[in-house]
Amino acid sequence: MVYCSALNCQNATSGVYKNSTVTFYGFPLHNKPLLKQWIHNMGREMGTPSKHQRLCSKHFEDSSFEIDPLKIRKNRRLLKEAVPKKFILGEDGNWLVGTPQSFCGGISNKTRKRIRNPEHLKVI
């Protein structure tokens with residue numbers, strides 16, 4: 001079973017939170033600068049993720065995926081330099097891009113503690 005490593009994300013490949021509409025992607029362990037950006041954007045205090053940890057496709061923008069015009073592949077392929085940017089779940093259930101300052105007031109105390117510095121998590 002695979003779970004998404006992002007805070008407040010309950011997507012999984014099986015069990016109660018099974019979501020067949022998402023795909024899961026491993027952390028770029030071979031590319032240290034890219035890995036650092038992934039972890040920074042997640043807003044989590046964590047060391048180097050294991051080779052078994054994954055993020056689901058809900059945390060990536062559509063432009064992060066390779067276009068397959070013939071739709072031959074079942075799963076979308078993530079671009080090599082893609083960076084996850086959607087990590088705050090809005091009230092409507094959609095993932096928001098970045099961490100807007102105005103939204104930080106609405107985050108629960110438990111989640112707020114895990115976000116290091118909201119200003120640095122904004123998408124450029």
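Author: Let's start with the largest nonpolar core, which has 20 residues. A nonpolar core is a set of buried Ala, Val, Leu, Ile, Met, Phe, Trp, Tyr and Cys residues joined through side-chain atoms within 4.5 Å. Buried means under 20% relative accessible area, exposed means over 50%, and partly exposed is in between (1.4 Å probe, protein chains only). Cys4, Trp38, Leu55, Phe60 and Leu78 have the most contacts inside this core. E1, H1 and E2 are the elements that give it two or more residues, and H1 provides the largest share, five residues. Helices (H or I, at least four residues) and strands (E, at least two) are DSSP runs, numbered from the N terminus. In soluble globular proteins, nonpolar side chains tend to be buried together.

A word on the source: this is a predicted model, where local features need pLDDT of at least 70 and side-chain atom pairs count only at pLDDT 80 or more, while totals for chains, interfaces and linings use all residues. Residues are numbered from 1 along each chain as its sequence is written, and side-chain values use heavy atoms, with hydrogens and water left out.

Now to the rings. Tyr25, Phe27, Trp38, Phe60 and Phe65 form one aromatic cluster. Rings of Phe, Tyr and Trp (its six-membered ring) pair if their centres lie within 6.5 Å; planes under 30 degrees apart count as stacked, over 60 as edge-to-face and the rest as tilted. The whole structure holds five aromatic pairs. One of them is the tilted pair of Phe27 and Trp38, 5.5 Å centre to centre with 55° between the planes. Phe27 lies in the loop between strand E1 (24–26) and helix H1 (32–42) and Trp38 in helix H1, so this pair ties together parts eleven residues apart in sequence. Trp38 also forms an edge-to-face pair with Phe60, at 5.3 Å centre to centre and 65° between the planes. That pair links distant parts of the chain, 22 residues apart, with Phe60 in the loop between strand E2 (54–56) and strand E3 (86–89). Both Trp38 and Phe60 are buried.

Phe65, another ring of the cluster, has the charged end of Arg76 over it, 3.8 Å from its centre. For this, NZ of Lys or CZ of Arg must be within 6 Å of the ring centre and within 35 degrees of the ring normal. Arg76 also meets Asp62 in a salt bridge (3.6 Å, N to O), defined as a side-chain nitrogen of Lys or Arg within 4 Å of a carboxyl oxygen of Asp or Glu.
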